[in-house]
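Hello,

Please find the structure below. My notes on its pockets follow.

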Amino acid sequence: MEKTFRILRYDPEKDQEAHFQDYKVPYEKGLTVLEGLYYILENLDATLAFRSSCRAAICGSCAMHINGQYRLACRTQVSALNSDLITVRPLSHLTILKDLVVDLKPFFDNYKKIEPYLQPEKAEPAKEFTQSEKERGKIDKLVDCILCAACYGSCPVASTNPKYLGPQALVAALRFINDSRDGKTQERLAIVANDEGIFRCHTIFNCQQVCPKDIDPTNAILKLRGKSFMSKLTGKI
Amino acid sequence: MIYHDIIIVGAGLAGLRAAIEASDLGKDVAVITKVHPLRSHSGAAQGGVNAALANNPDGRDDTPDKHAYDTVKGSDFLADQDAVDVMTNEAPARIYELEHWGCPFSRFKDGTIAQRPFGGAAYPRTCYGTDKTGHFMLHALYQQCVKRNIKFYEEFFVMKLVVEDNQARGVVALNLGTGDIVSFASSSVIFATGGSGRIYGKTTNAHVSTGLGVAIPFWEGVAIKDMEFIQFHPTGIIGKYILMTEGCRGEGGYLLNNAGERFMKNYVSEKIMELAPRDITSRCIQTEINQGRGINGGKYVYLDLRHLGKKKIMERLPGIRDICIDFLGVDPIKQPIPIHPVMHYTMGGIDTNFDGATSVRNFYAAGEAACVSVHGANRLGGNSLLETIVFGRRAGEHAAKNLKAEKEKNTRIAEKAKKEQVKYVEGLFKNGGKENPYEIKKQVSTVMDDKVGIFREETNMKKAVDEIKELRIRYNRDSRPVKSGKIYNYDLLWYLEMKGSIDIAVVIAAGALARKESRGSHSRTDFAKRDDDNWMKHTVAVFNDKAPVITYKPVVVTKYQPVERKY
């Protein structure tokens, strides 16, 4: 049995614009989209460009648009798509560098804007900062983010406003605000509580739908709004 | 042309930790990496990282010395004991530091870092963050690099280490985004390029872990050590070979054969059971399979977590559950997980001392790419993450403190080396190849899987050496990368990666064939016993185009005399 992989191709050195190209890939049970891409690279067309590394849904390299949804190619079973046609496009509204490889610089720049590192207020103890199980529970899921950019690619607001921080960076902001060891809550809220941050979100829930780690960025953004509302009321930011 | 005082190749845990250290010591440091740092394979580590914190109520009297003994015993007495002491003594400080940097470790009720039991350890000393410890550590270290504004060259693929007068002068790299070949001159080079898992076919390793990072210095005359010691992890899922952390068994998971029997009781003491070290557990599973006691007579057994209950699985092993559902359609809360042993880790690597220094001046290595040696013939689970942060830091410190900047001279030398690499790649594109390089590489992997696997013996290994040599000739003579554009030519990248994989495969097979004993992960059916009189020594290989030159060097023994290894 075969499946047709219809892949958006773009080679900046020769193509005026992107176009689809079809490849026949032999199907066997358990075949993932990433394995299909490797089959094409290794057997049919060695010019195909795509990123990948762990093939186990933890490195975040292979987020792309597959049959109408943003997914990690490695964890997407072809059988789950219920189709003989597998249409693969790169992440949206990021510049295509070649084929399925996009320029993620705007995405990572947004991440850096929220100061993504722990900033404790207390002096470092000789051993660990203690943290109760309940406190640690507040950063559950948020710390699972693999920065695959599926959420960013799916976000229509990010597509119209490149200055918007986007779902991932906002999740990262909440991750540090919720961490009992961090001491910069108000400063962090000040970074995100503006019209390039949490107020730009239209609660469209695409990011919630596509996150391969079930993180729910929309909910994170709503929580940030609640917190910043309180801070604004009390004049802290 | 680019110059930095210290250049680090690889942005996994060891590379990032080295970069942080060198940066904190005020040096001009840059990290070159073929993938974005967060894509590094360190992030796939699951179960945890060892340090004698004595947080676990069942392990209050744990000490670095006890950790050291477990490590040496686990290594089947091939680890260098002075290096092991360095690692276990520095472990607590490195873990506290990571915690201060935000690493979200799981917690005990008293708020301290949680620790779980792991294979081959007499104490529950494996610190963990659910089953995503590597991911959490990698992100925490990357975040610290962002804080320090450390310079990264992302998607630059290093092709060559520049050595002149036995001194490192920089590297030459392919800029994947533009296709340009660029010289990076430096006065100190640290390789932290990870493991060589993809030499095998059935491996837990990422596509990027090809062994090229070991091969590049090897080609320049740097000695590599103990490559024949390959760790087969007991529990990789069938078909996809994705890792199921040892934490599954640390939390109480069972291994079951086709009779539903916890077969480990037939091999090790009832107290140890599923928590025997990896080499032993993998051999037990493989023996069950070979003797027809795999599930339905097949080539796998079950890892059963059902009795742990939903709450524990969701709290401690959520990632494992996700992997099983995504890749197998199996929910471990309700069904046992079909697994078999798979290639997981290279104990060997670039021969370094415990400061990361090698036989070439100003050239350092750390992490899985290096062989210090702290793992000897078999690594304990939880010691690889530890190795990256202890020896990554030490390599960064040593490189920074011994730096003698020679910018002009090294720039000249690196620029010359670059021109040679440009010619080499142009030459590759001139003549089309008649063979598919991926097919050749696949055959190398099949040879390694079948003939240099868990159980080894002379006839098969001789065949393996011959077959790989033949495949190496075919690769060099008959296969070429595709001549596509310059931008993101991944075919060129994979083609160059294979060259490294094949040359390291030769060393693994040759070293295994030469070592006529069984020790740790190296298990020979024709020499079933450990032979301390003749073989308690490290294998050292030096590159030669015809065949690697193999010599041996003594193991450093300080406190622990070798005894029979029983669990």
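Helices (H or I, at least four residues) and strands (E, at least two) are DSSP runs, numbered from the N terminus. This is a predicted model, where local features need pLDDT of at least 70, side-chain atom pairs count only at pLDDT 80 or more, and totals for chains, interfaces and linings use all residues. Residues are numbered from 1 along each chain as its sequence is written, chains are lettered from A in the order in which they are written, and side-chain values use heavy atoms, without hydrogens and water.

**Largest pocket**

A pocket is an open set of points on a 1 Å grid over the protein atoms alone, where a 1.4 Å probe fits, with protein on both sides within 12 Å along at least five of seven lines; lining residues have an atom within 4 Å of a point. The largest holds about 1,200 Å³, counted as the space filled by probe spheres set on the points. Its lining has 37 residues. Nearest the centre are A:Glu35, A:Glu42, B:Arg198, B:His207 and B:Lys442. Both chains contribute: α1 (33-44) of chain A, and α12 (437-451) and α14 (490-514) of chain B, each supply at least two lining residues. α1(A) gives the most, with seven.

**Second largest pocket**

This one holds about 820 Å³. It is lined by 36 residues, with A:Lys105, A:Phe108, B:His36, B:Glu154 and B:Glu155 nearest its centre. Chain A's α2 (105-113) and chain B's α4 (133-148), β6 (151-154) and α14 each supply at least two.

Best wishes
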